[in-house]
Amino acid sequence: MATDSLGAAKAAKNDEFYTQWPDIEREMNAYLEYDPDVFRGKTVLLPCDDPEWSNFTKFFALHFTEYGLKKLISTSYAPDANRNGAYYAPTLFETEAPQFDPSRDMANGKLFVLEAKDISGDGKINIDDLQWSYLKGDGDFRSPEVTALRDEADIIITNPPFSLFREFVVWATDGGKKLSVIGNINSITYKEVFPLIQANQLWLGVTHFNMGMYFRVPAGFVWADTYKFEREQGGVKVNRVPGVCWLTNIEHGRRHEPLQLMTMDDNVRFNKKLKGQPYQHYDNFDAMDVPYTDAVPSDYDGVMGVPITFLDKYNPEQFEIVGSFNAGAHGDEIGATKTEIVTNGKSLLWNGPVIDKQPQYKRILIRRRHTE
Ligand SMILES: C[S@@+](CC[C@H](N)C(=O)[O-])C[C@H]1O[C@@H](n2cnc3c(N)ncnc32)[C@H](O)[C@@H]1O
């Protein structure tokens, strides 16, 4: 019980990580580079947001006219519903507005809308034209009113609470919408997510997840004892989260760039990571193990087991994803024959891939496509 509530508290704490402007800009620019009209005439929904805290609303409000947006909708979660909302204090933007209602301010979520209406009369459409009102409920993305906003939108963009990531992806993809969300790389292996990646309905964004991301954190944030990265960037308190990636179904150029490959022989000779060792086949499944993404060879036609990091370089015209191994966590995965292994002196049956009686962990199974 104690461990459970600690885990929940940790997850809730991570839910209050706010995305920095350059991270949003880099990702959106990649979509725009591929299709300059990607946002034109579109309604963009930013759920799990709050313009006072988040850069997403500010970013899209600033670019509203340039991107040709039809409507920008952003919703925030009620401080009372938020296990980590203790830091919350209403700002002047809210308290000075005629609709401000102290009796609803903590219990209700908020709805922010920007349309092509110059309400401030300054000749521009920008954040000053943002209108807000209270939602009927707490702004939970799963509520009927936020789900109705999802249905109205063309594109959903946010950094959702990490602890509800699976549910969020299911909710967003159920609506059949364009989507761009920040998540942890481990989410790729979730059974709710991996089948979408395999079916080419979801893919990684352009930001390399191996760099990690620095998120803005609330004032009272306490870093883990083991944390050894920057704690401030440009006067803003930040926390680095490794293995963070964007998951999207919006096109970008990187996923159409082919991965440059060497032959198997050249890899064994020149790829320092392989240390001259030949490729190995699994004992219990007909596939070859490729332990590093940069060791994927150009001349192997069978199925290859590659690390998850491969997805950062995945080009669907060059490879197909045929399955995965993750002890069932991916949902429908290719099953290896259960094989006896010995770890720590104990013998057990392992249903993942095995090489020389050693268990091999998460692997994505790919096969080269023949385009020539
Ligand atoms: C990781 S933060 C990101 C905030 C913002 N989108 C950003 O990137 O700067 C996730 C936000 O989701 C909110 N949240 C938590 N649970 C929620 C839920 N069930 N429905 C909607 N929002 C929720 C939290 O209050 C938090 O502000």
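Two strands count as paired if DSSP finds at least two bridges between them. I kept that cut-off in mind while going through this predicted model.

**Entry 1**

I began with strand β8, residues 213–216, and strand β10, residues 236–241. They pair in the antiparallel sense, and I found four bridges between them. That passes the cut-off of at least two bridges.

Next I took strand β9, residues 232–233. Two bridges join β9 to β10, and these strands run antiparallel. Gln-233 has Val-236 of β10 as its bridge partner. The hairpin of β9 and β10 has two residues between the strands. I checked phi there: Gly-234 takes a positive value near 55°.

**Entry 2: confidence**

I looked up the pLDDT. The mean for the protein is 89. I noted that 91% of the residues reach 70 or more. Residues 1–9 are another matter: pLDDT stays under 50 over that stretch. The model has zero contacts beyond four places in sequence for residues 1–9. Where pLDDT is low, the predicted coordinates should not be read in detail. I left that stretch alone.

**Entry 3: the ligand**

Which residues are closest to the ligand? I found Tyr-18, Thr-19, Cys-48, Tyr-77 and Asn-159. In total, 20 residues surround the ligand. I sorted this shell by residue class: nine are nonpolar, six polar and five charged.

**Entry 4: two domains**

The domain assignment gives domain 1 as 2–255 and domain 2 as 260–368. I computed the distance between their C-alpha centres, which is 35 Å. The contact takes 14 residues from domain 1 and 15 residues from domain 2. On the domain 1 side, helix α9, residues 194–198, gives the most, with four residues. I also sorted the residues of the domain 1 side that touches domain 2: seven are nonpolar, five polar and two charged.

**Entry 5: the eight-stranded sheet**

I traced an open sheet of eight strands in the order β4-β3-β2-β1-β5-β6-β11-β7. Its pairing is mixed.

Six bridges join β2 to β3, and the two run antiparallel. Leu-72 has Leu-114 in β3 as its bridge partner.

I then checked helix α8, residues 165–174. Helix α8 lies across β5 (155–158) and β6 (178–184). The angle between α8 and β6 is about 175°.

**Entry 6: the five-stranded sheet**

I traced another open sheet, of five strands, in the order β12-β13-β14-β20-β15. Here too the pairing is mixed. Which strands stand at the edges? They are β12 (280–281) and β15 (319–325), and each pairs on one side only.

I finished with β15 and strand β20, residues 363–368. Six bridges join β15 to β20, which run antiparallel. Phe-319 stands opposite Arg-368 in β20.

Definitions and conventions: Residues numbered from 1 in each chain as written. Predicted model: local features only at pLDDT ≥ 70, side-chain atom pairs only at ≥ 80, totals over all residues. pLDDT = per-residue confidence, 0-100. Contact = placed C-beta atoms within 7 Å. Near = placed C-beta within 6 Å. Nonpolar A, V, L, I, M, F, W, Y, C, P; charged D, E, K, R; others polar. Domains from an automatic or database assignment. Axes fitted to C-alpha atoms, helices over the stretch in contact; angles between N-to-C directions.
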